[in-house]
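Here are my notes on this structure, written for someone opening it for the first time. Please read them with the model in view.

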Amino acid sequence: MTQFINIALPKGRLGEKVYAIFEAVGYGCPSILNNNRKLIFENEENCVRYFWVKPSDVAIYVERGAADLGVAGKDILLEYRPDVYELLDLDVGKCRMCVAAQKGFRDDLDRTLRVATKFSKVAKDFYAGQSREIDIIKLNGSIELAPILGLSDVIVDIVETGTTLRENDLEVVETITGISARLIANKVSHKFKYEEISRLAARVAGYIKEGAMR
Ligand SMILES: Nc1ncnc2c1ncn2[C@@H]1O[C@H](COP(=O)(O)OP(=O)(O)OP(=O)(O)O)[C@@H](O)[C@H]1O
Ligand SMILES: O=P(O)(O)OC[C@H]1O[C@H](OP(=O)(O)OP(=O)(O)O)[C@H](O)[C@@H]1O
């Protein structure tokens, strides 16, 4: 008997793009795009159930088995390091994790560098690799304000188009890593729903490969 697959989708900028991929490979759930406040959608015909989840929470749902699969940005995986399988790079939600600062900023290396970020672990690892002493200032949004107001020397944040940096007279100092959305799986589900998950992942992988060749 085919088992239901539970998939945690990230609400917001990534969600619809990601759902479009699942729909294109036969895992549609037509009512999901109705603009209401429902958070769970299921399609009995193809045995799939979707949850709309805050992007930074997707990994938690998957790690703890509330969802079998999920889609999370590589930024979230690097920061929270959930114990999940990373099955595929979905090639959407592409951006970069960068160090940025006010134009002309030079690190004088004499004193502790103040780093404002949502991504404390990513920032710590990056500067540990350079043996640079830092002070993390953990913020939850509008990170670009920090160097402008003198709260930090630099920021570690996501850059997509570069518009937010440009409009606030900041610039990229260094790129830490490229980011894109990843399909992740709960480790127990991967074992017990192996066929269902493998079938879905293979179809998604084929779709992405076709897209790359187009
Ligand atoms: N310009 C961008 N800014 C932020 N994230 C982006 C951008 N472009 C792509 N992404 C990717 O999309 C994912 C979701 O970003 P989004 O901004 O929708 O959520 P968020 O507001 O950061 O989430 P949360 O509210 O849970 O902190 C990110 O984890 C990242 O992988
Ligand atoms: O290079 P860009 O295309 O300008 O995108 C980058 C901006 O987008 C994200 O912010 P988000 O919109 O998630 O807002 P917040 O982090 O301030 O909540 C990120 O933190 C940058 O501020």
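1. The shell around ligand 1 splits into seven nonpolar, four polar and four charged residues. Here Ala, Val, Leu, Ile, Met, Phe, Trp, Tyr, Cys and Pro count as nonpolar; Asp, Glu, Lys and Arg are charged; the others, including Gly, are polar. A residue is near a molecule or strand if its C-beta atom, placed from the backbone, lies within 6 Å of it. Of the 15 residues around ligand 1, Gly12, Pro55, Ser56, Gly73 and Glu160 come nearest.

2. This is a predicted model: local features need pLDDT of at least 70, side-chain atom pairs count only at pLDDT 80 or more, and totals for chains, interfaces and linings use all residues. Residues are numbered from 1 along each chain as its sequence is written, while chains are lettered from A and ligands numbered from 1 in the order in which they are written.

3. Where does ligand 1 lie? Domain 1 (5–93 + 180–213) and domain 2 (95–179) both give residues to its shell, so ligand 1 lies between them. The bounds come from an automatic or database domain assignment.

4. The centres of the two domains, taken over C-alpha atoms, are 30 Å apart. Seven residues of domain 1 are in contact (C-beta atoms, placed from the backbone, within 7 Å) with eight residues of domain 2. On the domain 1 side, helix H3 (residues 74–80) gives the most, with four residues. Helices (H or I, at least four residues) and strands (E, at least two) are DSSP runs, numbered from the N terminus.

5. Ligand 2 has a shell of three nonpolar, six polar and three charged residues. Strand S9 (154–159) gives the largest share, three residues.

Note on methods
Contact = placed C-beta atoms within 7 Å.
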